[in-house]
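Work through the exercises below with the sequence and the model side by side. Try each task before you read its solution.

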2 protein chains.
Amino acid sequence: MTAVKIVEVGPRDGLQNEQITLSVDTRAQLVRRLAASGIRTLEAGSFVRADKIPQMALSELVHEQIRDVPNLQTIWLTPNLRGMSDATTAGVTTTAVFIAASDEFNARNINASTEQGLANAKEVIEVARNQGILVRGYVSTIAGCPYQGEVPAAEVIELVRELIDAGCYEVSLGDTIGVGTPRKIRTLLQSISKEVDISKIAFHGHDTYGMGIANALAAIDCGVRTIDTSVGGLGGCPFAGPGAKGNTATEDLVYALGVDGFESEIDLDGLVATSWWLSSMTQHPPRSLVAHARK
Amino acid sequence: MTAVKIVEVGPRDGLQNEQITLSVDTRAQLVRRLAASGIRTLEAGSFVRADKIPQMALSELVHEQIRDVPNLQTIWLTPNLRGMSDATTAGVTTTAVFIAASDEFNARNINASTEQGLANAKEVIEVARNQGILVRGYVSTIAGCPYQGEVPAAEVIELVRELIDAGCYEVSLGDTIGVGTPRKIRTLLQSISKEVDISKIAFHGHDTYGMGIANALAAIDCGVRTIDTSVGGLGGCPFAGPGAKGNTATEDLVYALGVDGFESEIDLDGLVATSWWLSSMTQHPPRSLVAHARK
């Protein structure tokens with residue numbers, strides 16, 4: 001069995017959804033702690049308007065503090081050309097763009113049609129690629145949308161193909177509101193693997209209905225080898241509406257994979273310690289059961 | 001895909017682990033509510049010493065109140081001949097016996113060796129069978145023990161075979177402390193299915209490390225068609241030591257199976273309503289994420 005790679009999304013997708021904005025120093029410390037626990041790839045921040053998402057303000061200073069952490073790939077969300085320009089100025093080497101597979105979600109979240117959103121993402125990707133910057137793509141609401149309900153698999157597949165063709169090195173499929181079940185995820189991934197190289201696909205699940213680990217394992221069964229998780233189950237999606245609880249917790253997946261004999265160089269105790277350290281600042285306990293069981 | 005049968009264990013394994021003892025009327029009402037939501041088999045109580053487990057005191061009165069509920073099989077725990085005698089007097093038609101696969105756990109839990117415990121269980125089974133009473137068997141600590149750590153698979157398999165040979169119509173395998181991972185459960189069940197008829201095996205998981213749903217689905221993948229769960233994730237094992245959190249929640253499994261297209265006649269909204277109704281009496285919120293997402 002090939003090793004499963006974890007992409008830690010707590011410092012961006014996680015913190016972005018917290019009520020309390022953490023300082024640049026604390027955010028950089030979080031990244032260093034995660035790297036010290038063996039995380040090799042993580043979402044570290046985003047280049048967005050500070051008045052819209054204050055939790056991610058001054059991401060360039062976070063980048064400055066962590067750019068020398070060894071053996072760590074950091075990913076920075078750049079939703080538009082302005083963000084990409086700021087990221088480039090900061091010296092970022094990997095960025096990310098996103099698009100929802102739900103028209104209704106795009107209309108409410110980015111105030112654009114799916115077609116416009118995709119065109120925008122492709123423009124950002126092109127600018128990045130021309131400067132040698134890597135781009136990760138996200139397709140969200142793959143298993144359901146809080147506004148339109150069902151999301152057609154064909155729409156998900158089409159967007160994945162478009163993002164890969166445009167130059168994304170990987171596309172992460174997000175069950176943004178956590179409504180998917182293992183069978184639904186399996187069916188979708190089996191369709192996708194007929195159309196695109198599965199080694200370029202990541203899975204990003206949420207634990208709203210307690211399906212996070214089961215869905216991640218279903219994705220792994222389908223050949224996906226990259227899973228997005230968030231330390232302490234931090235996060236969700238601030239625009240995803242009611243019921244969009246936390247991401248699948250990193251420590252829960254590491255527990256599931258570690259004991260299962262997958263290769264893992266991740267220090268579970270270190271992750272749990274970081275989860276509790278963070279909880280004193282976010283002012284709520286971790287949403288990870290492993291964090292509680294191993295406290 | 002054959003339908004998955006749920007054995008609801010909240011009214012016994014669940015309530016037995018609650019701090020607050022519910023009245024006979026409330027316990028009977030819980031059973032009726034579960035039956036009304038489509039549960040067809042449930043653990044309803046136990047015939048044990050009231051000074052040891054006050055939460056289960058007066059189970060004979062609960063039985064009296066629910067014996068006429070249609071289309072419902074109720075299971076009553078009878079750990080010894082005294083309990084079996086009381087159950088028989090009450091008119092119970094299905095009972096249950098248990099044994100741990102861990103020597104150390106049996107020493108601390110039933111103050112007997114595994115051999116003595118098994119001999120005792122077989123004696124109870126024989127008395128029951130001679131009166132035409134059905135007996136369910138439980139083998140606990142199948143994936144690990146809080147006292148001795150690893151539990152040999154050979155010991156689990158041997159106990160399963162002994163209980164089936166002694167006349168149990170089904171044996172439920174309990175990951176009592178919830179330490180198992182899907183791969184561990186799969187490996188164990190694959191070994192067991194070579195030795196005994198898998199249709200006689202049930203799986204009983206706990207959610208201590210967030211593996212409850214993933215483990216149940218792994219068991220289903222291995223051919224197990226009966227899963228024990230508890231409404232609201234009630235329960236655990238009072239003797240299982242630190243970290244033994246709740247059972248896998250019934251509503252979480254119904255969510256996982258229902259949307260997956262398994263046959264299910266269970267009313268998810270009804271279960272969630274019962275979960276919240278119960279939480280006002282147990283004085284803590286449900287441990288089910290579906291209960292929270294669907295509130």
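Predicted model: local features only at pLDDT ≥ 70, side-chain atom pairs only at ≥ 80, totals over all residues.

**Exercise 1. The overall build of chain A**

Task: Find how many helices and strands chain A has, and decide how compact the chain is.

Solution: 
- Step 1. Count the elements. Chain A has 12 helices and eight strands.
- Step 2. Take the extent. The C-alpha trace spans about 45 × 45 × 35 Å along its principal axes.
- Step 3. Look at burial. Of the 295 residues in chain A, 59% are buried.
- Step 4. Look at the contacts with a separation of 6 or more. In chain A, 76% of them come from residues 24 or more positions apart.

**Exercise 2. The strands of chain A**

Task: Work out in which order the strands of chain A pair, and in which sense, parallel or antiparallel.

Solution: 
- Step 1. Recall the rule. Strands of a sheet pair through backbone hydrogen bonds, either parallel or antiparallel.
- Step 2. Start at β1(A), residues 5-8. This strand pairs with β2(A) in the parallel sense over two bridges. A:V7 stands opposite A:T41 in β2(A).
- Step 3. Move on from β2(A). Five bridges join this strand to β3(A), residues 73-77, and the two run parallel. Here A:S46 has A:L77 as its bridge partner.
- Step 4. Go to β7(A), residues 201-204, and β8(A), residues 226-229. Three bridges link them, again in the parallel sense. A:F203 has A:I227 as its bridge partner.
- Step 5. Eight strands form a closed barrel in the order β1-β2-β3-β4-β5-β6-β7-β8, with parallel pairing. On average, neighbouring strands are turned by 30 degrees against each other, direction ignored.
- Step 6. Name the unit. β2(A), α3(A) (residues 59-66) and β3(A) make a right-handed β-α-β unit.
- Step 7. Check the cover on β2(A), residues 41-46. Six of its six residues are buried.

**Exercise 3. Two copies**

Solution: 
- Step 1. Two copies of a chain are related by a rotation about an axis and a shift along it.
- Step 2. Read the values. Chain A is laid on chain B by a turn of 180 degrees and a shift of 0.0 Å along the axis, with an RMSD of 0.0 Å.
- Step 3. Conclude. The two copies are therefore related as by a two-fold rotation axis.
- Step 4. Find the axis in chain A. The C-alpha nearest to the axis belongs to A:A214, 2.2 Å from it.
- Step 5. Compare the interfaces. 100% of the interface residues of chain A are also interface residues in chain B, so the copies meet through the same surface.

Definitions and conventions:
Residues numbered from 1 in each chain as written. Chains lettered and ligands numbered in written order. Heavy atoms only, no water. Least-squares fit on C-alpha atoms with pLDDT ≥ 70 in both. Contact = heavy atoms within 4.5 Å. Buried < 20%, exposed > 50% of the residue type's maximum accessible area, 1.4 Å probe, protein only. Helix = DSSP H or I, 4+ residues; strand = E, 2+ residues; numbered from the N terminus. Pairing = 2+ DSSP bridges. Right-handed = clockwise from strand over helix to strand, strands pointing away. Rg over C-alpha atoms; globule rule 2.2 N^0.38 Å. Axes fitted to C-alpha atoms, helices over the stretch in contact; angles between N-to-C directions.
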